[in-house]
Amino acid sequence: MFKCKIIISLILLFNSVLSYSQQASIYGIPFGSTFSKVERILDQKLFTGKYINYDHSVIEYHDVNMAGIIFGSLIISFNNTGTDNIMTKARFSSCYKSNTTQLKKDREELSQKLSQKYSYMRSYINPIGYKSYEFGFSEDYIVGELSVSVLRKDQSSFGMDYYYLELNYNPKPSDSSDL
């Protein structure tokens, strides 16, 4: 009986260590962190162009570096838990106008860095015909997606196509790993 309790305790300890090591985060900030903690840490990193909406459900920074790639914006979403707003999603986005060569180079460089950090990575062709990736800790535990979107010239007020590289984190609230 005592051996069973020890074995069960070891299994529970091992599972908690595994779940802790498989938590998604950005810049060392775990998803599920409070708005004030996220803002304080990111402000210390000297990000510029900060915008906060009136109910603290969104914070946005401009010209942010993620894994050596400069993104035009980082938008972080928060859910209100009743006591505080907690970080639930993050979206890095950068516009490449018509320079798809640089976009593809940055996408592949970032996918390589993501594959070093996450044990699961799957490439696919998105609905508009561009290679994209989903990443996470397993096929059942997807943390986010690296994709390309296009604003076509007929939808744009500038008469040209705009291509966007997007890195989206949308883990479960208990998830959290740094890129």
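Modeller: A strand is a DSSP run of E of at least two residues, and strands are numbered from the N terminus. By that rule leucine 74 is placed in strand β5, residues 69-80. Please keep in mind that this is a predicted model.

Colleague: Why is leucine 74 called buried?

Modeller: Buried means under 20% relative accessible area. The relative accessible area of leucine 74 is 0%, so leucine 74 is buried.

Colleague: What does leucine 74 touch, leaving out residues up to four places away in sequence?

Modeller: A contact requires heavy atoms within 4.5 Å. By this test leucine 74 touches, among them, Ile26, Leu42, Ile59, Tyr61 and Phe92. Leucine 74 and tyrosine 61 stand 13 residues apart in sequence, while their C-alpha atoms are 5.2 Å apart in space. Phenylalanine 92, in turn, is in contact with residues including Tyr27, Phe71, Leu165 and Tyr169, again leaving aside neighbours within four places in sequence.

Colleague: Which residues touch the most other members of the largest nonpolar core?

Modeller: They are Ile26, Ile76, Phe92, Leu167 and Tyr169, in a core of 40 residues. The elements that each supply at least two residues of this core include α2, β4, β5, β6 and α3. As background, nonpolar side chains tend to be buried together in soluble globular proteins.

Colleague: How many aromatic pairs does a search of the whole structure find?

Modeller: The search finds 10 aromatic pairs.

Colleague: What makes the pair of tyrosine 118 and phenylalanine 137 tilted?

Modeller: Two values are needed: the distance of the centres and the angle of the planes. Rings pair if their centres lie within 6.5 Å, and planes count as stacked under 30 degrees and as edge-to-face over 60 degrees, with the rest tilted. Here the centres are 5.2 Å apart and the planes stand at 55 degrees, so the pair is tilted. Tyrosine 118 is in the loop between α3 and β7, and phenylalanine 137 is in strand β8, so this pair ties together parts that are 19 residues apart in sequence.

Colleague: Are tyrosine 118 and phenylalanine 137 buried or exposed?

Modeller: With relative accessible areas of 3% for tyrosine 118 and 10% for phenylalanine 137, each falls under the 20% limit and therefore counts as buried.

Colleague: Why is the pair of tyrosine 130 and tyrosine 163 called edge-to-face?

Modeller: The angle between the planes is 70 degrees, with 6.1 Å centre to centre. An angle over 60 degrees counts as edge-to-face, and the centres lie within 6.5 Å, so the name applies. Tyrosine 130 is in the loop between β7 and β8 and tyrosine 163 in strand β10, so the pair ties together parts that are 33 residues apart in sequence. Both tyrosine 130 and tyrosine 163 are buried.

Colleague: How do you know that β7 and β8 pair?

Modeller: Two strands pair if DSSP finds at least two bridges between them. There are 6 bridges between β7 and β8, in the antiparallel sense, so they meet that condition. In one of these, arginine 122 has glutamate 134 in β8 as its bridge partner.

Colleague: What is the order of strands in the open sheet, and which are the edge strands?

Modeller: The sheet has 8 strands in the order β3-β4-β5-β6-β10-β9-β8-β7, with antiparallel pairing. The edge strands are β3 and β7, since each pairs on one side only. Helix α2 lies across β3, β4, β5 and β6, and runs at about 30 degrees to β4.

Conventions. Residues numbered from 1 in each chain as written. Predicted model: local features only at pLDDT ≥ 70, side-chain atom pairs only at ≥ 80, totals over all residues. Heavy atoms only, no water. Helix = DSSP H or I, 4+ residues; strand = E, 2+ residues; numbered from the N terminus. Buried < 20%, exposed > 50% of the residue type's maximum accessible area, 1.4 Å probe, protein only. Core = buried A, V, L, I, M, F, W, Y, C linked by side-chain atoms within 4.5 Å. Phe/Tyr/Trp six-rings, centres within 6.5 Å; stacked < 30°, edge-to-face > 60°. Axes fitted to C-alpha atoms, helices over the stretch in contact; angles between N-to-C directions.
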